[in-house]
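Please walk through the structure below one region at a time, keeping the model in view as you read.

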Amino acid sequence: MIVGRVGPDNLDLTEVHRFPNTPVRLPDGLRWDVLSLFQGTLDGLREAARSGGVASVGVDTWAVDYGLLDADGALLGHPFHYRDGRTDGAAARVWAEVGAKELYGVTGLQHLPFNTVFQIAAGADTAQHDAARTLLLVPDLLIHWLTGSIGAEETNASTTGLFDARTGTWSKDLLSRLSLDPGLFPPLRAPGDPAGTLLPHVAAYTGLDPRTPVTTVASHDTASAVVAVPATEPGFAYISCGTWSLAGLELDAPVLSEESRAANFTNERGIDGTIRYLRNIMGMWLLEECRRTWEKENLPTHIPTLLADAARAEPFASIVDPDAPEFLAPGDMPARIRDYCARTGQRVPGSQGAVVRCILESLALAHRRALRQAAELAGRDITRVHLVGGGSRNDLLCQLTADATGLPVVAGPTEATALGNILVQARAAGLVGDLADMRRLIASTQHLRHYTPRGDSSTWHAAAARLDSAPRNP
């Protein structure tokens with residue numbers, strides 16, 4: 001829970017509350033503990049109220065996952081986690097009704113096995129889905145519990161695989177062909193729209209004025225992060241780097257070509273009708289899962305120590321495809337990385353530093369490939385890269401990304417998602433201007449670091465060729 005204070009020349013953030021988001025494995029699969037998340041939200045709002053006046057509240061989360069409400073508005077079980085394996089084979093069932101090419105031609109959505117449309121197909125024959133009357137993506141569910149209102153914010157709706165990339169509406173044709181009740185999907189809201197005011201019991205618990213507005217923001221965390229990209233000139237690309245690396249361009253219209261589909265690029269909604277043309281790349285998840293494993297093994301997990309060891313490790317000793325399917329689920333990530341390297345005939349990283357070096361160089365290569373392909377497919381030139389989010393704190397990753405892409409990298413802000421969320425609220429309140437004004441305010445008030453490419457670019461060309469020629473899973 002972050003409080004922002006916005007003025008003509010100032011933009012300050014204060015973290016007032018932090019709470020864990022711990023998935024729970026139940027007999028039927030991996031679930032989000034959404035009740036705990038809502039309680040954490042309430043506790044955070046109470047802390048925000050104690051910090052001073054609150055003019056507005058906005059909610060953003062990750063994408064694709066959802067809760068189902070019955071006819072009485074009650075939640076039907078905890079939402080499934082997108083890393084749950086129940087979607088294995090679900091895409092084939094959807095494609096049997098709407099082919100993959102046709103689906104992309106409507107939605108422009110990158111194929112990921114956990115896209116909402118595939119999750120729905122995986123649960124289509126369950127009692128839970130039979131009883132469902134409303135589907136709410138996670139941020140919309142939290143807003144519903146705060147305000148009692150029902151709606152679907154469009155940047156998150158665009159990740160479902162049921163949203164028309166051209167019209168910016170739910171696709172009636174897809175809903176019909178997939179035998180989905182249109183009534184499941186609420187009316188769409190745009191960032192900046194009012195979402196309601198606090199319910200009486202929420203106001204009483206938090207100490208906030210019951211008239212406090214909840215403002216719709218770009219509720220997909222990446223969409224909020226892209227708002228906070230401090231770009232003041234054209235020609236920029238962005239990488240929103242956290243659990244995932246989202247690498248791409250901001251466009252005025254979607255790219256729905258067959259070449260774009262084959263390259264697995266997504267066209268997701270940004271604010272003000274913009275398109276986030278990007279590829280989802282498995283990001284710092286790889287390192288965080290390694291750290292979880294090492295913690296269980298009583299090995300060092302201190303990030304600065306691991307990065308220092310990685311900086312000293314031999315360059316390009318081993319590289320992996322971060323998006324290989326074996327890296328998606330939670331588990332022993334160091335063992336999976338070693339197995340991948342052994343299977344592809346590479347040196348198997350022995351030390352922790354070698355594993356971390358492998359991860360970071362592999363991510364930098366993935367950033368390079370995604371941005372080069374995005375530029376080619378969209379017919380754009382890139383002059384610099386903005387790397388925002390938690391990954392922007394990682395000096396080694398930022399420098400490797402500059403080296404791999406051959407482009408200058410501007411790192412920061414770290415709390416890009418919170419900044420984008422708060423600026424959309426501030427604009428709704430009349431405190432800031434258009435998107436360009438928001439970005440100028442970010443650039444002038446936030447700490448940014450600059451990295452220029454160094455070293456021999458041919459080593460990156462060779463590493464990229466090596467990765468492209470590596471054997472794939474059968």
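Contact here means that heavy atoms lie within 4.5 Å. With that in mind, and remembering that this is a predicted model, one can begin with helix H17, residues 416-428, and helix H18, residues 435-445, whose axes come within 11 Å and cross at roughly 130 degrees. Angles over 145 degrees count as roughly antiparallel and those from 65 to 115 as roughly perpendicular, with oblique as the word for the rest, and H17 and H18 are therefore oblique to each other. The crossing in which H17 passes H18 is right-handed. On the side of H17 the contact involves Leu419, Leu423 and Arg427, and these meet Leu435, Met438, Leu441 and Ile442 in H18. Sorted by class, the residues of this contact comprise six nonpolar, no polar and one charged.

Most residues other than glycine have a negative phi, and most peptide bonds are trans. The bond from Gly412 to Pro413, however, is cis, with omega near 5 degrees, and Pro413 is found in the loop between strand E18 (409-411) and H17. The backbone of Asn298 also deserves attention, for this residue has a positive phi of about 60 degrees although it is not a glycine. Asn298 is found in the loop between helix H12 (285-296) and helix H13 (303-312).

Which residues of H12 and H14 meet? From H12 they are Trp285, Leu286, Glu289, Cys290, Thr293 and Trp294, and from H14 they are Met333, Pro334 and Ile337. In this contact of H12 with H14, seven residues are nonpolar, one is polar and one is charged.

Turning to helix H1 (34-50), one finds that the axes of H1 and helix H6, residues 138-147, come within 11 Å and cross at roughly 55 degrees. H1 and H6 are therefore oblique to each other, and their crossing is right-handed. Val34, Leu35, Phe38, Leu42 and Leu45 of H1 make the contact together with Leu141, Leu142, Trp145 and Leu146 of H6. By class, this contact of H1 with H6 has nine nonpolar residues, with no polar and no charged ones.

A pair of aromatic rings is described by the distance of the centres and the angle of the planes. The structure holds 12 aromatic pairs, and in one of them the rings of Trp32 and Trp62 have centres 4.2 Å apart and planes at 35 degrees, so the pair is tilted. Trp32 lies in the loop between strand E4 (29-31) and H1, whereas Trp62 lies in the loop between H1 and strand E5 (66-69), and the pair links distant parts of the chain, 30 residues apart.

Over residues 237-429 the chain is 46% helix and 17% strand, and the end C-alpha atoms are 29 Å apart.

Technical notes. Residues are numbered from 1 along each chain as its sequence is written. This is a predicted model: local features need pLDDT of at least 70, side-chain atom pairs count only at pLDDT 80 or more; totals for chains, interfaces and linings use all residues. Side-chain values use heavy atoms; hydrogens and water are left out. Axes are lines fitted to C-alpha atoms, for helices over the stretch in contact, and angles run from 0 to 180 degrees between N-to-C directions. Helices (H or I, at least four residues) and strands (E, at least two) are DSSP runs, numbered from the N terminus. Angles under 35 degrees count as roughly parallel, over 145 as roughly antiparallel, 65 to 115 as roughly perpendicular and the rest as oblique. A crossing is left-handed if the near helix is turned anticlockwise from the far one by less than a right angle, and right-handed if clockwise. Ala, Val, Leu, Ile, Met, Phe, Trp, Tyr, Cys and Pro count as nonpolar, Asp, Glu, Lys and Arg as charged, and the others, Gly among them, as polar. Rings of Phe, Tyr and Trp (its six-membered ring) pair if their centres lie within 6.5 Å; planes under 30 degrees apart count as stacked, over 60 as edge-to-face and the rest as tilted.
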